[in-house]
Each structure stands twice: as structure tokens, then as C-alpha cells.
Amino acid sequence: MRLGLEAGEYTHDVAVEHGISGVPISADQLANDGVDATLTPLKERDLEVCQIGAFMFNPLSTDLQAQAKQAATLEKAIPLARETGCPYFVINGGNYHPSGYGAGDARNFTDEALTKVADALKPYLEAAEQHGAKVSIEAYLKTAVNSPEAFLQLKDKVGGVDALRCNVDVTSLYDYQDLWDPTSKAEHVCTALAGHYGLGHIKEVALHEGFHIHAGLAPLGSGRTNWAQVLRLIAPHLPEDSWLILEHVLSPEEGRSSVELLRAAANEAGVTLG
């Protein structure tokens, strides 16, 4: 599996330090600056594009003005995918709350919400098929696409279009019990989405102390995820043009420890990370 990295401002430096070839770009940058200007900093360091982020494209957002801008960006960026060498655009799975990821809305968890997402995505999926791109949903517990089953329902609503994919990101779908023992959830997510994979995402989500439920992003290895299990399950199904991306790394120091842990998990799983 090809390995990519996202570490904010440290992304390129940490990637080069650890021999990781893939780094993300944003759809905004691609649409606004063009292919050459976007790729030049990567080419200078022998890096490749592993993901085109359009995370704030949210088909259910009530902030219509912001979404009109996101829609225009995606429309302009999709035809440029082939030139970047990466077909994968990552978008929100649909959240009526305009934050996209920070908060939720009860209306997200309805069949009507999935139908609305499907209707909104159809023109972008048509464009993606025309230009060799793929629109990959960032499945997340707070959005309309909050499980493998929800994604499969969505895919059915768009007619099974192959350009619609789902990122495999097990920790984004953890509920409270999974935070104590995610073994079953990890197996279910990785197997139920087989044949529909977009990108693989690696990050940790763990419980924090506090009244009632407190949980959030945490350094890799500080939660209860068995990464060898996850890698073993993902490996047979990750497409050849896809990437496994270590994301939400906050510092070079965290990058070093996380890459070391991930490579050790890959060795345990019998998986090769390129």
C-alpha cells in the first residue's frame, strides 16, 4: 500500500524525513492556482498527490452562500484531476449543520437526507466519470453517511456509479462502546465497504476524562485501535490507485512516533507500506 501523510504545516518535511511519497492538496488551491503552481512544491521534493481535499463541500449545509463557493470549486477542480495524478476528491457525507464536522443535526439521520445528498452529488459524479476522477465520501458519525450501510444506500440512490467511493476511516465511525473495544467495528467497516473503497485514513480517536462522554483526536497508539488488524483488513481491498494516509499529525515529533508505530503494525500484519 502506498503511504501518504497529512501533518499540517509540517506535511512536506515530515513526509520527506520518513520516505513517505504522498501528500494531500486542496481542491481550493487546485481550482484557484492551477495544476502547475499547486504541484511545483511537491515535485521539488519528489512528492506525489495522494488526496484532493474538498472536505467542506457539504451537500446538506444550510450555509448556502458558502456551499455555492464550494460547489464552484469542485466543478472547476474535477476536470484537473488527471493532471495531478490523483483521482480522489474527498467531501463531507452531508450535515445540515454548516460546521460540517464539529456539530450535528438530527435531520442527518434520515432517508430524506441521503436522498438529498444523492441528488446534490449526481452532476459531480457525472463530471468525475467523464474526467477519470472519484468522489470519495468522508464517512463520519455525525453526518448522513455515518456507517457502511448508509454509504451503500447512498450509492444505490445514485445508480451505483463507480465514481462514488467511501474512505475507510474506522475511527470516524466509533461510538462510545467502540472507544473501549473497536475490534468488531473495525472489522465491520473494512469488510462491509469492500469494493467501494476510496482512500484509507489512519488517525486515532480516544476517550478523554470528563463528565458524560468526552472523546476526540489523539496521537496514534494512545487509543485502543489495533492497527495491525485494520491494515490486515484494508490491504486486500484498497485500489491500486489509492493511498493509505496517516492524518491529523500535529508535530514532527508526533509524526516520527506515529510513522514508527504504523510501520510496526504493518510488519505485524504482513503488509508492505510503500
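**Figure 1. Surroundings of Ala186 in the predicted model.** Ala186 touches Val170, Gln229, Val230 and Leu233, when residues up to four places away in sequence are not counted; the model shown here and in the views that follow is predicted. The residue belongs to helix 9 and is buried, with a relative accessible area of 1%. A further point of reference is Leu199, which is 13 residues from Ala186 along the chain, the C-alpha atoms of the two being separated by 15 Å.

**Figure 2. Packing of helix 9 with helix 10.** Helix 9 covers residues 183-192 and helix 10 covers residues 227-234, and the two pack at an angle of about 15° with their axes 9 Å apart. Angles under 35 degrees count as roughly parallel, and helix 9 and helix 10 are therefore roughly parallel to each other. Their crossing is right-handed. On the side of helix 9 the contact involves Thr183, Ala186, Glu187, Cys190 and Thr191, which meet Gln229, Val230, Leu233 and Ile234 of helix 10. Sorted by class, the residues of this contact comprise five nonpolar, three polar and one charged.

**Figure 3. Packing of helix 10 with helix 11.** Helix 10 also packs with helix 11 (residues 252-269), here at an angle of about 60° and with the axes 8 Å apart. This angle makes helix 10 oblique to helix 11. The crossing of helix 10 and helix 11 is right-handed. Helix 10 contributes Trp227, Ala228, Leu231 and Arg232 to the contact, while helix 11 contributes Leu261, Leu262, Ala265, Ala266, Glu268 and Ala269. The residues of the contact between helix 10 and helix 11 divide into eight nonpolar, no polar and two charged.

**Figure 4. Leu231 and the largest nonpolar core.** The largest nonpolar core has 88 residues, and those with the most contacts inside it are Phe89, Leu121, Leu154 and Leu231. Helix 6, residues 111-131, gives the most to this core, with eight residues. In soluble globular proteins, nonpolar side chains tend to be buried together. When its neighbours within four places in sequence are left aside, Leu231 is in contact with Met1, Ile202, Leu244, Leu262, Ala265, Ala266, Ala269 and Val271.

**Figure 5. Packing of helix 6 with helix 7.** The axes of helix 6 and helix 7 (residues 148-157) come within 9 Å and cross at roughly 50°. That angle makes helix 6 oblique to helix 7. Helix 6 passes helix 7 in a right-handed crossing. The contact is formed by Asp111, Leu114, Thr115, Val117, Ala118, Leu121 and Lys122 from helix 6, together with Ala150, Gln153, Leu154 and Lys157 from helix 7. By class, the residues of the contact between helix 6 and helix 7 are six nonpolar, two polar and three charged. Two of the residues in this contact, Leu121 and Leu154, are also among those with the most contacts inside the largest nonpolar core.

Figure 6. Leu179 is found in helix 8, which covers residues 176-180, and is buried, with a relative accessible area of 9%. Residues up to four places away in sequence not being counted, Leu179 touches Tyr174, Val205, Ala206, Leu207, Ala215 and Arg224. Of these, Val205 is 26 residues from Leu179 along the chain, and the C-alpha atoms of Leu179 and Val205 are separated by 7.6 Å.

Figure 7. Apart from residues up to four places away in sequence, Glu247 touches Glu6, Glu138, Asp169, His201, Ile202 and Lys203. His248 lies in the loop between strand 10 and helix 11 and is partly exposed, with a relative accessible area of 36%. Most residues other than glycine have a negative phi. His248, although not a glycine, has a positive phi of about 60°.

**Figure 8. His212 in the loop between strand 8 and strand 9.** His212 lies in the loop between strand 8 (204-207) and strand 9 (215-218), where it is exposed, with a relative accessible area of 67%. The phi of His212 is positive, at about 60°, although the residue is not a glycine.

Methods
Residues are numbered from 1 along each chain as its sequence is written. This is a predicted model: local features need pLDDT of at least 70, side-chain atom pairs count only at pLDDT 80 or more; totals for chains, interfaces and linings use all residues. Side-chain values use heavy atoms; hydrogens and water are left out. A nonpolar core is a set of buried Ala, Val, Leu, Ile, Met, Phe, Trp, Tyr and Cys residues joined through side-chain atoms within 4.5 Å. Buried means under 20% relative accessible area, exposed over 50%, partly exposed in between (1.4 Å probe, protein chains only). Helices (H or I, at least four residues) and strands (E, at least two) are DSSP runs, numbered from the N terminus. Contact means heavy atoms within 4.5 Å. Axes are lines fitted to C-alpha atoms, for helices over the stretch in contact, and angles run from 0 to 180 degrees between N-to-C directions. Angles under 35 degrees count as roughly parallel, over 145 as roughly antiparallel, 65 to 115 as roughly perpendicular and the rest as oblique. A crossing is left-handed if the near helix is turned anticlockwise from the far one by less than a right angle, and right-handed if clockwise. Ala, Val, Leu, Ile, Met, Phe, Trp, Tyr, Cys and Pro count as nonpolar, Asp, Glu, Lys and Arg as charged, and the others, Gly among them, as polar.
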